[in-house]
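Please look over the fold of this chain.

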Amino acid sequence: MYLHLGQSVVVPAEDILGVFDLDNASWSHRTRAFLERAEKEGRVVNAAAGLPRSFVLCQKDSVARVYLSPLSPTVLRGRLTGNGME
């Protein structure tokens with residue numbers, strides 16, 4: 001199964017480590033530092049045309065990537081679980 005994050009970006013569901021609300025998670029200085037480091041290392045993929053609402057942390061072959069999505073975490077989780085929260 002794949003999860004569509006926006007802007008024609010899809011990721012395999014088995015690679016997903018977590019789906020996070022960007023506003024809530026970015027309050028933590030540790031999360032901000034993690035996101036800044038990932039950006040500097042080129043591990044951030046922006047799937048949002050405008051402001052991102054969530055980020056999805058994925059890992060494949062020991063490489064972590066951060067995907068910024070315009071969709072809310074609720075919508076993304078609904079797509080993952082098949083609850084049709086679109």
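## Fold

The model is predicted. The protein chain holds three helices and six strands. Along the sequence they run β-β-β-α-α-β-β-β-α. The radius of gyration is 12 Å, close to the 12 Å that the globule rule gives for 86 residues, so the chain is as compact as a globular protein of that length.

The C-alpha trace spans about 35 × 30 × 20 Å along its principal axes.

## Packing

Of the 86 residues in the protein chain, 37% are buried. Take the contacts with a separation of 6 or more: 46% of them join residues 24 or more positions apart.

## Surface and charge

The protein chain exposes about 5,500 Å². Carbon and sulfur atoms supply 50% of that area.

The chain carries 10 positive and 9 negative charges. Their mean positions lie 4 Å apart.

## Helix H3

Helix H3 spans residues 73-81. Its buried residues are Pro73, Val75, Leu76 and Gly78. An α-helix has 3.6 residues a turn, so residues three or four places apart point the same way.

What covers the buried residues of H3? The cover includes four strands: E1 (2-6), E3 (16-21), E5 (54-60) and E6 (63-69). Gly82 follows H3. The phi of Gly82 is positive, near 80°.

Conventions. Residues numbered from 1 in each chain as written. Predicted model: local features only at pLDDT ≥ 70, side-chain atom pairs only at ≥ 80, totals over all residues. Heavy atoms only, no water. Helix = DSSP H or I, 4+ residues; strand = E, 2+ residues; numbered from the N terminus. Rg over C-alpha atoms; globule rule 2.2 N^0.38 Å. Buried < 20%, exposed > 50% of the residue type's maximum accessible area, 1.4 Å probe, protein only. Contact = heavy atoms within 4.5 Å. Areas by Shrake-Rupley, 256 points an atom, 1.4 Å probe, with all protein chains shown as cover. Lys, Arg positive; Asp, Glu negative; His and termini not counted. Charge placed at Lys NZ, Arg CZ, Asp CG, Glu CD.
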